[in-house]
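This report describes the fold of one protein chain and then turns to selected residues and their surroundings. Please consult the sequence and the structure below while reading.

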Amino acid sequence: MAFSDLLEQVGSTGRFQVVHVTMLSMPILMMASHNLLQNFVAAVPPHHCTPHANISMSSMNARDVLRATVPLGTNGKLERCRRYAHPQWQLLSSNSSEILWEEGEEEIEMQSCEDGWYYNTTEMSSTIITEWDLVCDQRALKQMSQTTYMGGVLVGAVLFGGLSDRFGRRVLLLISNLMMAVGGTCAAFSTSFTMFCIFRVCCGMALSGLVLNSFSLIVEWIPTRVRTVVGTGTGYCYTTGQLILAAVAYCIRDWRWLTLAVSLPFYVSFLYSWWFLESARWLVLTKRSEQAVKNLKKVARINGRRAEADKINLEMLQESMKKEMACSKGSYSALDLLRTSSMRTITVCLSAVWFSTSFAYYGLSMDLQKFGVSIYLIQVIFGAVDIPAKILVTISMSMLGRRPSQCGALVLAGVIILINLLVPYDLQVLRTSLAVIGKGCLAASFNCCYLYSGELYPTVIR
């Protein structure tokens with residue numbers, strides 16, 4: 001009897017698995033909110049220099065003041081980062097535009113925005129851009145906030161991956177939920193940009209812990225035959241999360257309250273995560289077979305198989321795990337991903353797949369303002385395209401297999417993105433449509449990545 005047979009005996013697709021997978025999938029709904037939060041909390045509103053502080057706005061028309069203090073750019077709009085060093089009141093007279101053009105605007109002394117900026121808060125009442133003036137010379141800091149978050153994801157993958165193999169999936173899942181909740185809450189109440197970035201790093205680390213341990217707990221409690229369907233189902237949770245983010249961001253236009261709103265649900269996840277049962281496979285491989293037997297008996301009872309629960313004993317479990325236990329003797333580390341030729345091939349290929357998928361996916365998804373339409377609308381469209389994409393890739397994985405599906409999704413995404421480079425910028429609708437299709441292909445690739453990675457690696461280094 002193999003472990004899969006033992007899992008069938010206690011019920012491999014019973015009430016326990018339904019509740020278990022559903023509860024593990026709930027936090028995934030909010031993962032997209034943190035991954036793509038940058039699009040809303042770091043949205044750059046229209047802005048220009050504040051007029052000189054010594055000008056009385058109450059006695060003059062605001063439009064005239066702007067005309068005399070802030071120059072127009074080549075696009076006919078107010079410049080964002082410069083103003084006249086001294087108010088040019090002569091510009092308010094008739095034919096001043098022609099005179100200025102003839103004399104040359106470059107002859108007029110300019111200066112940076114010494115008195116700060118004015119932001120148009122029609123779309124977003126507050127963002128980290130308006131909070132800490134991350135524009136002009138400081139505009140690179142906008143990207144820094146997302147870079148630090150992704151750095152946290154990287155560190156979390158290394159840290160939580162190793163710790164979960166040592167201390168178990170359940171414990172690390174609890175820590176990750178609490179870390180995400182607390183980190184998001186602290187980020188919402190940050191008093192400086194540096195503090196905001198630090199807590200975003202914590203959120204990134206927590207996200208890795210949630211993804212890795214949720215996926216491991218799901219895969220290790222369900223049979224192989226339903227992994228494709230379950231994997232796609234959890235993928236749809238992430239898709240739904242993108243739509244939820246658009247709705248929440250549309251209703252909450254202040255970055256602090258928005259950050260808090262997408263972080264609070266993780267407190268709930270932390271509380272009910274105490275209910276989860278540790279992976280029986282991991283327990284056996286770490287010499288905790290007695291606890292594994294208890295967990296399997298509990299699963300059997302929840303699934304209504306009390307008679308089968310009474311039959312399970314230590315000898316039966318060890319017999320079913322004999323092959324895996326023989327392979328698990330000794331300690332394992334990240335070096336084992338490269339130790340043998342077969343593991344090296346798998347690791348190098350999967351690394352290339354993950355890198356290319358993530359690089360292109362976030363390249364398309366992380367700057368929605370560049371599409372020139374409402375960021376709320378484009379977020380909904382980008383989320384909705386995942387639905388047909390994941391349906392198609394699920395059918396493909398079941399009928400053609402994982403490898404052709406993974407390859408097809410990546411090649412198609414690459415071709416579409418390269419074609420988009422040839423489309424003129426004035427054909428904005430076509431460019432956006434191609435980007436949406438490409439993003440759908442990358443979402444399908446992600447679906448393959450998660451499932452394929454979990455199946456290709458053995459439990460001891462998964």
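A residue is called buried when its relative accessible area is under 20%, exposed when it is over 50%, and partly exposed in between. Ser126 has a relative accessibility of 10% and therefore counts as buried. The model discussed here is a predicted one.

**Ser126 and its neighbours**

Ser126 belongs to the loop between strand 4 (117-119) and helix 6. Leaving aside residues up to four places away in sequence, Ser126 touches Glu131, Arg253, Asp254 and Trp255. The charged end of Arg253 sits over the ring of Tyr250, 4.6 Å from the ring's centre. Trp255 takes part in an aromatic pair with Trp132.

**Overall architecture**

The protein chain contains 22 helices and four strands. Its C-alpha trace spans about 95 × 45 × 40 Å along the principal axes. Of its 462 residues, 50% count as buried.

**Aromatic pairs and charges over rings**

How many aromatic pairs does a search of the whole structure find? The search finds 15 of them. One is formed by Trp132 and Phe193; it is edge-to-face, with 6.1 Å from centre to centre and 65° between the planes. Trp132 lies in helix 6 (residues 128-132) and Phe193 in helix 9 (residues 193-219), so this pair ties together parts that are 61 residues apart in sequence. Trp132 and Phe193 are buried.

Trp132 also pairs with Trp255, in a tilted arrangement with 5.4 Å between the centres and 55° between the planes. This pair links distant parts of the chain, since Trp132 is in helix 6 and Trp255 in helix 11 (residues 255-263), 123 residues apart. Both Trp132 and Trp255 are buried.

Elsewhere, ring pairs link Phe16, Trp221, Tyr272, Trp275 and Phe276 into a cluster. A charge over a ring is also found at Tyr149, where Arg200 lies over the face, at 4.2 Å from the ring centre.

Most residues other than glycine have a negative phi. Cys136 is buried, because its relative accessible area is 8%. Asp133 is placed in the loop between helix 6 and helix 7 (140-167), and its phi is near 50°, a positive value in a residue other than glycine. With a relative accessible area of 27%, Asp133 is partly exposed.

**Further residues by accessibility**

The table sets out the accessibility of three further residues, each of which is taken up again below.

| Residue | Relative accessibility | Class |
|---|---|---|
| Thr232 | 6% | buried |
| Ala334 | 58% | exposed |
| Met399 | 67% | exposed |

Thr232 is placed in helix 10 (residues 227-251). Apart from residues up to four places away in sequence, Thr232 touches Lys390, Thr394, Met397 and Asn447. The C-alpha atoms of Thr232 and Ala444 are 9.4 Å apart in space, although the two residues are 212 residues apart in sequence.

Ala334 is located in the loop between helix 17 (322-327) and helix 18 (341-365). From the C-alpha atom of Ala334 to that of Thr148 the separation is 24 Å, and the two residues are 186 residues apart along the chain.

Met399 lies in helix 20 (residues 386-399).

Definitions and conventions:
Residues numbered from 1 in each chain as written. Predicted model: local features only at pLDDT ≥ 70, side-chain atom pairs only at ≥ 80, totals over all residues. Heavy atoms only, no water. Phe/Tyr/Trp six-rings, centres within 6.5 Å; stacked < 30°, edge-to-face > 60°. Helix = DSSP H or I, 4+ residues; strand = E, 2+ residues; numbered from the N terminus. Buried < 20%, exposed > 50% of the residue type's maximum accessible area, 1.4 Å probe, protein only. Lys NZ or Arg CZ within 6 Å of the ring centre and 35° of its normal. Contact = heavy atoms within 4.5 Å.
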